[in-house]
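Thanks for coming. I have one structure to go through today, and I will keep to what can be read from it.

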Amino acid sequence: MFEKKDQKQAGKSSELTALSELGEFGLIDRLTKNIQRFHPETLKGVGDDAAVIATGDKVMLLSTDLLVEGIHFDLTYMPLKHLGYKAVVVNISDIAAMNGIPLQMTVSIAVSSRFPVEALDELYSGILTACEKYHVDLVGGDTSSSVKGLLISVTITGTARPEEVIYRSGARSGDLLCVTGDLGSAYMGLLILEREKKVFQVNPAMQPELSGFDYQIGRQLKPEARTDIRNVLMGAGIRPTAMIDISDGLASEILHLCKQSKTGCRLFEEKIPIDPQTRELALEYNIIPTLTALSGGEDYELLFTVSQSDYEKIKDIEGITIIGHMTDNSGEKVMITPDGKQVELTAQGWNAWTSGLADKRTSGPVDKRTSGQAD
Ligand code: ADP
Ligand code: MG
């Protein structure tokens, strides 16, 4: 019955809303707006990097991520071992973003018949390597066939004392906006891999030119989660007021912090940490380097706010950069360029329904290996 109605409705497409109209965040908002909470133990549901559930004197953190072939990864250049590792790391990153310690996870896979058993052995060797590195117990999952391609869903639990948990919503006007590590390299890594894939498609005998870009490719294929930051900050006597991990790009994550905390923000372009080689490569690709950080994503660094009174404690910590501050004007979410111009921050975002992985790509410089130009 439903099917018939659906088909009928599909004919009247003017009354229906295309997924691409809402985008990922709009869709999540719409699907989750009528959720009811039945249990007081559910301290935080939808809207943060992980749900927070009361369990005695500690809370349980709970998060899940789904990776879909052709949308989140391309097996042409993503070795299965790395994919397994990355699938675990992106979940651990969500626990780190709540200031928790990861504990257990389940892994569910759907696999088409094109994969031999040995390929899945490789995937699991990456999964188990990450489990060992981050001390996470793999405690279950589910296995299914798929019509096409590979899907991996990981669900993870973590723990923290209730007062340690850091939400996206705790930032206040005047708080300093800080970021760990550097940004944009994972995106440049993706562009390099995409470029070499094109070369390979044109001429399979051609060897990919990947040497010299180890940092960028490593950031794309084998990211790490910043579980170390919890201890760094605790050791310095700093408790962030809000925190999120950078999976979609700096701009999008800052906007999440502003929305949940009901603040505005001022970000200073020249403060955004970008690896010098990534900066150079971006220019070669005709991309403004700042954009690799703002919209690239997949860096899995942490973005957090601290009270201004923590300035002295945080300013000299290696690997942490103050990039701006929060404001009380929730309408103001701006980046200040080096010449003093104000640019409104927008989430370039990720609209899986317009183009998937390709959305994250951009045309690179003319490459004579694919353009047909002679040497
Ligand atoms: P992250 O990038 O940290 O993984 P997401 O942007 O995927 O977070 O999700 C934002 C919030 O929406 C999270 O709290 C997540 O649990 C929730 N969420 C995402 N998709 C769904 C869904 N289909 N149903 C219910 N909640 C969802
Ligand atoms: Mg997250």
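How many bridges join strand 4 to strand 5, and do they run parallel or antiparallel? Eight bridges join the two, strand 5 being residues 137-145, and they run parallel. One pair to look at is glutamine 104 with its bridge partner in strand 5, aspartate 137. Between strand 4 and strand 5 the chain passes through helix 4, residues 117-134, and this β-α-β crossover is right-handed.

Strand 4, residues 101-111, also pairs with strand 6, residues 150-160, and here the two run antiparallel, joined by nine bridges. In that pairing serine 108 stands opposite serine 153 of strand 6.

Before going further, some remarks on the model as a whole. This is a predicted model. The mean pLDDT of the protein chain is 90, with 89% of its residues at 70 or more. Two stretches have pLDDT under 50. Residues 1-5 form one of these stretches, and the model gives them zero contacts beyond four places in sequence. Residues 371-375 also stay under 50, and for them the model has three contacts beyond four places in sequence. Where pLDDT is low, the predicted coordinates should not be read in detail.

The protein chain has 12 helices and 13 strands. Of its 375 residues, 40% are buried. Taking contacts with a separation of 6 or more, 83% are between residues 24 or more positions apart.

Next, strand 8, residues 242-245. Ala242 and Ile244 point one way and Met243 and Asp245 the other, and all are buried. Strand 8 pairs with strand 10, residues 302-306, in the antiparallel sense over four bridges. Alanine 242 is found opposite threonine 305 of strand 10.

Tyrosine 300 lies in the loop between helix 10, residues 289-295, and strand 10. Its phi is positive, near 55°, in a residue other than glycine. Tyrosine 300 counts as buried because 24 other C-beta atoms lie within 10 Å, against a cut-off of 20 or more.

A positive phi also turns up at asparagine 99, about 70°, and asparagine 99 is not a glycine. This residue is in the loop between helix 3 and strand 4. Asparagine 99 is buried, with 24 other C-beta atoms within 10 Å.

On to the helices. In helix 6, residues 214-221, the buried residues are Gln216, Ile217, Arg219, Gln220 and Leu221. An α-helix has 3.6 residues a turn, so residues three or four places apart point the same way. What do the buried residues of helix 6 pack against? They pack against helix 3 (80-96), helix 5 (185-202) and helix 9 (276-284).

Helix 5 holds tyrosine 187. Tyrosine 187 is buried, with 28 other C-beta atoms within 10 Å.

Glycine 181 is partly exposed, with 19 other C-beta atoms within 10 Å. Leaving out residues up to four places away in sequence, glycine 181 touches Glu301 and Gly319. Its C-alpha is separated by 6.3 Å from that of isoleucine 320, 139 residues apart along the chain.

Last, the ligand. Which residues are around ligand 1? The shell consists of Ile28, Leu31, Thr32, Val46, Gly47, Asp48, Asp49, Asp65, Asp94 and Ser247. By type, these divide into three nonpolar, three polar and four charged. Helix 2, residues 19-32, gives the largest share of the shell, three residues.

That is what I have; questions are welcome.

Methods: Residues are numbered from 1 along each chain as its sequence is written. Chains are lettered from A and ligands numbered from 1 in the order in which they are written. This is a predicted model: local features need pLDDT of at least 70, side-chain atom pairs count only at pLDDT 80 or more; totals for chains, interfaces and linings use all residues. A residue is near a molecule or strand if its C-beta atom, placed from the backbone, lies within 6 Å of it. Ala, Val, Leu, Ile, Met, Phe, Trp, Tyr, Cys and Pro count as nonpolar, Asp, Glu, Lys and Arg as charged, and the others, Gly among them, as polar. pLDDT is the predictor's confidence in each residue, from 0 to 100. Two residues are in contact if their C-beta atoms, placed from the backbone, lie within 7 Å. A residue is buried if 20 or more other C-beta atoms lie within 10 Å of its own, exposed if 12 or fewer, and partly exposed in between; C-beta atoms are placed from the backbone. Two strands pair if DSSP finds at least two bridges between them. A crossover is right-handed if, with the strands pointing away from the viewer, the path from the first strand over the helix to the second runs clockwise.
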